[in-house]
Every structure is written in C-alpha cells, then in structure tokens.
Amino acid sequence: MPFERPDIIRPPSEWRSYFLPLTAGCSNNTCTFCNYYGSRLRLRKVEEVLAEINALALYKQEGLMVSGMPEMVYVIGRQWDGQRVFLQDGDALVYPFPKLKEVLERLNERFPRLRRVASYATAGDILRRSPAELRELRDLKLGLLYMGVESGDEAVLASIRKGASYREMVEAGRRVKEAGILLSATVILGLAGVAGSTEHALATARILTDIDPDYAGALTLIPVPDTPFFDAVKRGEFELVTPFRSLEELKLIIENTGFTDCFFSSVHASNYFTVRARLPREKERVVQTLADIIAREDPSLLRKEYSRGL
Ligand code: SF4
C-alpha cells in the first residue's frame, strides 16, 4: 500500500520547520484521549524519504521541481529557511535506527545550514535506544525530542493507558538529556477530571521536577471524537474541569516544580490562558499572575472556547 502523508500535528514551536514524514500514526496507539488512538503505525520506505530530501534540496538550491513528488514538499519547502526539520509522525523515533541515521546523514549532506532536527518520541522509543545510539543521533543534529508525559499520577497514567510508568518516563527523559539532546516534556491539564484534579497537578509537578526537562509545555484536555475518553465524557462518567480549575492546576504545577532551568509554556491553543516563563527564575511572577486571574473569575480574560484547538 502506498504511504499516505499524515496531517501535520506539531508542537507550536516547530512552525518554522520542514515536516518530513518517516511514519504515520503512533507505535503506542492506546492513549484513550489522543487523536492517534487506534491508529495503525506505518513506516515509510527509507528510499522514499531520501528521494524527498533530494527533491527538496534540488528545489531549494536550483529551483527545480521533480515530477511525481507530493505537492506538499513544495508548499512547505517554499517558505523553509533550511535550518530546522521536524520528523513526523506521532513518534518518529520508532523508525529503525540504521534508517534513521541514513535520513539524518542525508539531511546533513544536502542542507549545510541545517541547525536542528526534532521529533516526538515515546518513553519506550527512547529506552529502546542505548545512550551511545542517542549520542550518535545527536551528532547528526537530532537536537530536540518532545515526550508526552501527560501526568505524574500513576493511576491517571494507567487509566489513560499511557503505556509507560512514572519511573520509565523519568529514566527516558534523563537519558535524552544525558545524550546532549534537548528535551521538551508535555503535560495535560484536566486529565484527571474534577475528582483527581489536585493529585494530578501535584504528581505532575513531581514528575516534571524528577525529569527536569529543558522545556515543559502544558496543554488542556479537549475530548477528541472517536476516542474512549470522548465516549466516557458523553456518558457522564468523566467530569471535565472548568477553565478556572485548569488554571488552578497550572498554578499548582508551576508552584510545586523544582526545575534547574526550564522554559515553561502554556502557549498551546488548547489552553485558556498563556504563560511563558523561565523557571525557577520567574516562578513568583507567573504564580502571582495566575492567582490574580483565578481570583477575578472573569471569563473575558480567557481564550474563547471556539478558538481553542489541538
Ligand atoms: S504515545 Fe503520544 S501520540 Fe501515541 S497515542 Fe499516546 S499520546 Fe498519542
């Protein structure tokens, strides 16, 4: 079956990247809230990936277009500055190691201005790679991995069928950092609903502290149709937190983290309020801002429901 290019699902900070698919779907397709739930992982043939890199280089350097290449290559390529590449899809680090190296080598060879390659990765993908293998990838400019942590609460991790434990995620995160690759960890506000809200926030602060990532990002839960989570909400089995309660969680997380030096952001479009801060340096300022917003309970200060998205 021919490989079908996946939609672009990317972290907000990757807007300048070229989106190069190595896979479609996610190898761990069990997370009950995720739009990859139930997706079938497909690996793209490495020859096809290398041909796309060659075609992109020809286009950027000579302005020539290769017939048969997907239109998307040129749509993204036109604006691209040649410096950052994001490997799709849900966890491109699952791509077989020798082939991943081949792709990175070709990118380095064809794009001398290349600064950094990034991808999503599950804890399982990371732990399958030895520290030496991760260093090899870093030397080929794999410079940033995004790992979805979601929660530090083991009960929540089990209920969303995350497929990784607290300990595994801490170990995976540390392995990435020790290899000299930047790590961005993502957590989800509201994931434990009203009942588990406080414990979820406190445990999430704990796991983030233990991982101590370079970047941390918060999203706010949006039930995605055709997922078990969505169905549970519809059946009334899961009570979503209110927008202001999600800010309480955000405040609790920031207040209780003990980072060495982390850029924390809630810029993602799913959130009701954006904070961007270097922690711990700006902790007091952000916690105070959030406390003020929560105390005012003024919905006009929040992102409108219709403009939220994943
Ligand atoms: S590992 Fe990440 S991308 Fe894959 S299903 Fe879970 S949340 Fe979604």
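Begin by selecting Asp226, which lies in the loop between E8 and helix H9 (228-234), where helices (H or I, at least four residues) and strands (E, at least two) are DSSP runs numbered from the N terminus. The model is a predicted one, in which local features need pLDDT of at least 70 and side-chain atom pairs count only at pLDDT 80 or more, while totals for chains, interfaces and linings use all residues. Residues are numbered from 1 along each chain as its sequence is written, and side-chain values use heavy atoms, with hydrogens and water left out.

Stay on Asp226 for its backbone: phi is near 70°, a positive value in a residue other than glycine. Asp226 counts as exposed because its relative accessible area is 73%; buried means under 20%, exposed over 50%, and partly exposed in between, with a 1.4 Å probe and protein chains only.

Select Lys141 next, in the loop between helix H5 (131-139) and E6. Lys141 is not a glycine, yet it has a positive phi of about 75°, and with 28% relative accessibility it counts as partly exposed. Most residues other than glycine have a negative phi, and most peptide bonds are trans.

Two peptide bonds come next. Gln88 and Asp89 are joined by a cis peptide bond with omega of about 20°, and Asp89 is placed in the loop between strand E4 (84-88) and helix H3 (97-110). The bond from Leu279 to Pro280 is cis as well, with omega near 10°, and Pro280 is found in the loop between strand E10 (276-279) and helix H11 (283-296).

A pocket here is found on a 1 Å grid over the protein atoms alone, as an open set of points where a 1.4 Å probe fits, with protein on both sides within 12 Å along at least five of seven lines, and lining residues have an atom within 4 Å of a point. The volume of this second largest pocket is about 180 Å³, a volume being the space filled by probe spheres set on the points, which are joined across faces, edges and corners.

Now show the largest pocket, with a volume of about 1,200 Å³. Its lining has 47 residues, of which Pro11, Tyr120, Thr186, Leu219 and His268 lie nearest its centre. E8 gives the most to this lining, with 6 residues. Within strand E8, select Ala218, which is buried at a relative accessible area of 1%.

Which pocket does the ligand sit in? The ligand sits in the largest pocket, in the sense that more than half of its atoms lie within 2 Å of the grid points. Around the ligand, select Cys26, Asn28, Asn29, Cys31, Phe33, Cys34, Tyr36, Thr122, Glu150 and Lys162, where a residue is near a molecule if one of its heavy atoms lies within 4 Å of it.

Finish with the cysteines of this shell. Cys26 counts as buried at 8% relative accessibility, and Cys34 is buried too, with a relative accessible area of 19%. How many disulfides does the structure hold? The structure holds 0 disulfides, a disulfide being a pair of cysteine sulfur atoms within 2.5 Å.
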